[in-house]
Amino acid sequence: MKHTEERPYADPEAAARKLVEIAASVEAVQDGRIYIERINAPFLFKLKGSGSEFGAGLKHAIERGWLQLHESGTYVRLLGPGGPLTQ
């Protein structure tokens with residue numbers, strides 16, 4: 001008997017894809033910057049992801065070359081020509 005539900009973003013790949021999807025839907029500010037809270041808040045509060053799932057997904061997206069995180073941690077940039085999920 002299961003006492004908990006499966007977490008849809010427990011897999012870092014799924015979380016990373018969702019973060020890129022959210023980032024693509026957000027209007028970027030100067031130089032393509034997307035403030036981290038613009039992807040963090042929807043992931044945590046609307047989609048009910050956890051902080052560790054967000055961190056793992058962000059790390060995976062950076063490793064795959066889908067997102068670039070600024071050294072300050074305050075914003076990300078989408079990488080690739082319109083189709084970062086095709087890699």
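Two residues are in contact when heavy atoms of each lie within 4.5 Å. On this basis, residues 24 or more positions apart account for 54% of those contacts in the protein chain that have a separation of 6 or more. The structure is a predicted model. The protein chain contains 3 helices and 3 strands, which follow the pattern α-β-α-α-β-β along the sequence. Of the 87 residues in the protein chain, 30% are buried. The accessible surface amounts to about 5700 Å², and carbon and sulfur atoms contribute 54% of that surface.

The packing of two helices was examined in detail. Helix H1, comprising residues 12-25, packs with helix H2, comprising residues 36-46, at an angle of about 125°. The axes of H1 and H2 are 9 Å apart. Angles over 145 degrees count as roughly antiparallel and those from 65 to 115 as roughly perpendicular; H1 and H2 are therefore oblique to each other. The crossing of these two helices is right-handed. On the H1 side, the contact is made by Ala15, Lys18, Leu19, Ile22 and Ala23, which meet Arg38, Ile39, Pro42 and Phe43 of H2. The residues of this contact divide into 7 nonpolar and 2 charged, with no polar residue.

In helix H3, which spans residues 51-64, His60 was considered individually. The relative accessible area of His60 is 18%; because buried means under 20%, His60 is classed as buried. Apart from its neighbours within four places in sequence, His60 is in contact with Pro12, Glu13, Ala16 and Trp66.

Backbone geometry was also considered. Most residues other than glycine have a negative phi. Asp31, by contrast, has a positive phi, near 60°, although this residue is not a glycine. Asp31 is found in the loop between H1 and strand S1, the latter formed by residues 34-35. With a relative accessible area of 55%, Asp31 is exposed. A positive phi, of about 65°, also occurs at Lys48, again a residue other than glycine. The loop between H2 and H3 holds Lys48, which has a relative accessible area of 59% and is likewise exposed.

Note on methods. Residues are numbered from 1 along each chain as its sequence is written. This is a predicted model: local features need pLDDT of at least 70, side-chain atom pairs count only at pLDDT 80 or more; totals for chains, interfaces and linings use all residues. Side-chain values use heavy atoms; hydrogens and water are left out. Axes are lines fitted to C-alpha atoms, for helices over the stretch in contact, and angles run from 0 to 180 degrees between N-to-C directions. Helices (H or I, at least four residues) and strands (E, at least two) are DSSP runs, numbered from the N terminus. Angles under 35 degrees count as roughly parallel, over 145 as roughly antiparallel, 65 to 115 as roughly perpendicular and the rest as oblique. A crossing is left-handed if the near helix is turned anticlockwise from the far one by less than a right angle, and right-handed if clockwise. Ala, Val, Leu, Ile, Met, Phe, Trp, Tyr, Cys and Pro count as nonpolar, Asp, Glu, Lys and Arg as charged, and the others, Gly among them, as polar. Buried means under 20% relative accessible area, exposed over 50%, partly exposed in between (1.4 Å probe, protein chains only). Accessible areas come from the Shrake-Rupley method with a 1.4 Å probe; for residues, only the protein chains shown count as cover.
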